[in-house]
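I opened this model to look up a few helices and one surface patch. My entries follow the order in which I checked them.

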Amino acid sequence: MTDLRPLTGESPTEPEPVVVDRVVDESPRRRPHPAWIVAGVGFVALLGAAAFRSVPSVLIQPLHDEFGWSHATISAAVSLNMLLYGLISPFAAALMDRFGIRRVVCAALVLIAAGAGLTVFMTQAWQLVATWGLLVGIGVGSMSMPFVATITGRWFVRSRGLVTGILTAAGATGQLVFLPLVSVLARDHGWRVPSLIVAAVALSVAPLVWLFVRDYPSDAGVRAYGAGPESDVGVRRPVAGGAGRALRVLATAARRPGFWLLAGGFAVCGASTNGLVGTHFVTAAHDHGMPPTTAAGLLALVGVFDVAGTIASGWLSDRVDPRYLLLGYYSLRGLSLLILPSLLGPHTQPSMWVFIVFYGLDWIATVPPTVLLCRELFGADGPIAFGWVFAAHQVGAAIAATGAGFVRDLNGSYDLAWYVAGGLCGAAALMSILIRRPARSLEGLA
């Protein structure tokens, strides 16, 4: 056969192979797409990390009784935990791009286990800050909500909002579902036993992550779930910069008003959930004569209803303008917090049950629409941008946790904290509706 190549003396240049073209199309398959396995292990990992975050609100009183530390001192350690939980997030998202999901998440789980285990040896307040605040704060921050954004952004095109809701429910609900167990163990065996159990839970999840999570669909020889043949979603690309990239994304995102509106609203979200209700509800209910175990059980029910609310929010985020969802969520949450002081008492009245159901459905339903708006506004940098928005969430939570502790110490009541949080939710609703969406949504978000 005649060689028709030009006589240039050089061999023809072969085109660079495209990874997507080598990915096997597994449309006619019986087993589940690997994306669902990754999402399932991610759910368990987030649940394990959330276990320790359920401890603070239940153990404030036992630590106060044993060591004599003030509510404000203990709340300061909780605030550091929440602050790091947010501030570490964008750097963790960038490090997941650089070093992989498995390495970052496994290291985070080990840190959580170390912080929880070392807590049982503390005798002074600074040790509470170092373990409960610093070590665990870094650990949970390394696998917080940007972990959700990274998994959904790489592994899913179809059902991205729904999966975001499911994974978000794991992180938020796990914190609340563990409350009754932690409360009973603390009552019957002292606060050290639940700390050790939580450390074991976090540590046991690490092998699952290492064995079953892959960083990209292309690593497993498949496309992202729902991606077309020409899509590059889920294809491994060289990423440089690590933590420096997180700062560059912040510098770029900060030039856009939508970033500040999302961050401001999410700061209120953190203040009105983890910072205030998640940290102080049990103590506030106890102030009104309710047994701590009963109050912890009510918070656990909030977590149960949060599963339904957050998954439904993810489903809606695939179909409804996310800004309108945020407007509704923040407005309804603000109203519920304004009436909460009148519902607290020694017994659980029907009106309190209504609040638990209503507030539970709204607890963290704000996350799926916020994640999707970040991806629309910032594209491939969306998970890191969301990391910074989530940092604002935790700054708000930290301020509320410490501030509510001071309000309780000064006034002997949390009433003022509930009213302030309710008003701030109204401001968050206004900020949400002012966000301007891009004219054309990204793939999978339309």
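Ground rules first. I am working from a predicted model, where local features need pLDDT of at least 70, side-chain atom pairs count only at pLDDT 80 or more, and totals for chains, interfaces and linings use all residues. Residues are numbered from 1 along each chain as its sequence is written, and side-chain values use heavy atoms, with hydrogens and water left out.

**Entry: surface patch.** I looked up a nonpolar patch on the surface, formed by Ile-37, Val-44, Leu-208, Trp-210, Leu-211 and Phe-212. Together they have about 540 Å² of accessible area (Shrake-Rupley method, 1.4 Å probe, only the protein chains shown counting as cover for residues). Helix H2 (34–53) and helix H11 (192–212) are the elements that give two or more residues to the patch. H11 supplies the largest share, four residues. I then checked Ile-37, which sits in H2. Ile-37 is partly exposed, because its relative accessible area is 40% (buried is under 20%, exposed over 50%, partly exposed in between; 1.4 Å probe, protein chains only).

**Entry: H13.** I compared span with length for helix H13, residues 257–287. Its 31 residues should span 45 Å at 1.5 Å a residue, and the end C-alpha atoms are 42 Å apart, which agrees. The expected span is 1.5 Å times one less than the number of residues. I found a kink of about 55 degrees in H13, centred on Phe-281 (the angle between axes fitted to the seven residues ending there and the seven starting there). H13 is mostly covered, with 25 of its 31 residues buried. Just after H13, Gly-289 takes a positive phi of about 95 degrees.

**Entry: H18.** I ran the span check on helix H18, residues 382–411. Its 30 residues should span 44 Å, and its end C-alpha atoms are 42 Å apart, in agreement. Of the 30 residues in H18, 23 are buried.

**Entry: Ser-336.** I located Ser-336 in helix H15, residues 322–339. Ser-336 is buried, since its relative accessible area is 4%. What does its side chain face? A polar atom of the Ser-336 side chain lies 2.7 Å from the backbone oxygen of Arg-333.

**Entry: Ala-429.** I placed Ala-429 in helix H19, residues 415–433. Ala-429 is buried, with a relative accessible area of 3%. Its C-alpha atom is separated by 6.5 Å from that of Leu-326, 103 residues apart along the chain.

Technical notes
Patches are made of residues with over 30% relative accessible area and no salt bridge: like charges are joined within 9 Å, nonpolar side chains (Val, Leu, Ile, Met, Phe, Trp, Tyr) within 5 Å. A salt bridge is a side-chain nitrogen of Lys or Arg within 4 Å of a carboxyl oxygen of Asp or Glu. A polar contact is a pair of N or O atoms within 3.5 Å; within protein, one must be able to donate a hydrogen and the other to accept it, and residues adjacent in sequence count only if both atoms are side-chain atoms.
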